[in-house]
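Thanks for coming. I have one structure to go through today, and I will keep it short.

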Amino acid sequence: EMTLALQAEVETGTAVEFLEHSLEECEHLLHKNHFIMTSIRSSLIDSYGHRKGYLLTELPEFLLKRKIELCEDLMAILNIFESGKSRARALMMYEMHAPLVLYAKLLADDGRLNKSDYLKELEKTQKILEESQEIIDWEDENVCQIKKFIPKSMSYLKSLIQQNACK
């Protein structure tokens, strides 16, 4: 009964604050990898970067870091339950690449990340995006919408790496 009630709250809750609060409350009741916890994390990942007031370019540093942590948490679960080249893993890698770039840029702009480490972060992110693209290439573009966005993201990331390697 409790599980169904919590699941209903997750499915109907769209406010980021509600989701964060639900995740915090559930941490005391459920295992961190319980499907409800995973569902809440997934909803938060979708919210951070895609909802009004939480667009990726508007997120403060702590929320960029939060989105990255949430993506890493779900990637750890996906690596167990959907290891290999699954669409879910590709989508999560794609979802994670932009906050990784923005977070690294923020740290570099503030002088907390030197040029060499900044380039390493960008190159690490490029590898994540390349793996995502490798998996998504097998998907039908009509079914998997990000397929058309990955080349643009990859082009931007490569130009960012090239610009910073030349400085």
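Predicted model: local features only at pLDDT ≥ 70, side-chain atom pairs only at ≥ 80, totals over all residues.

The protein chain has seven helices and zero strands. Read from the N terminus, the elements go α-α-α-α-α-α-α.

Now the chain totals. There are 167 residues in the protein chain, and buried residues make up 41% of them.

On to the pair. Two packed helices are described by the angle between their axes and the distance between the axes. Here the pair is helix α5, residues 87-109, and helix α6, residues 115-136. Their axes come within 8 Å and cross at roughly 160°. An angle over 145 degrees counts as roughly antiparallel, and α5 and α6 are therefore roughly antiparallel to each other. The crossing of α5 and α6 is left-handed.

Which residues of α5 and α6 meet? On the α5 side they include Arg 87, Met 93, Tyr 94, His 97, Leu 100 and Ala 108. On the α6 side, among them are Tyr 118, Glu 121, Leu 122, Thr 125, Ile 128 and Ile 136. Sorted by class, the contact of α5 with α6 has 14 nonpolar, three polar and five charged residues.

That is the end of my part.

Technical notes:
Residues numbered from 1 in each chain as written. Heavy atoms only, no water. Helix = DSSP H or I, 4+ residues; strand = E, 2+ residues; numbered from the N terminus. Buried < 20%, exposed > 50% of the residue type's maximum accessible area, 1.4 Å probe, protein only. Axes fitted to C-alpha atoms, helices over the stretch in contact; angles between N-to-C directions. Parallel < 35°, antiparallel > 145°, perpendicular 65-115°, else oblique. Left-handed = near helix turned anticlockwise from the far one by under 90°. Contact = heavy atoms within 4.5 Å. Nonpolar A, V, L, I, M, F, W, Y, C, P; charged D, E, K, R; others polar.
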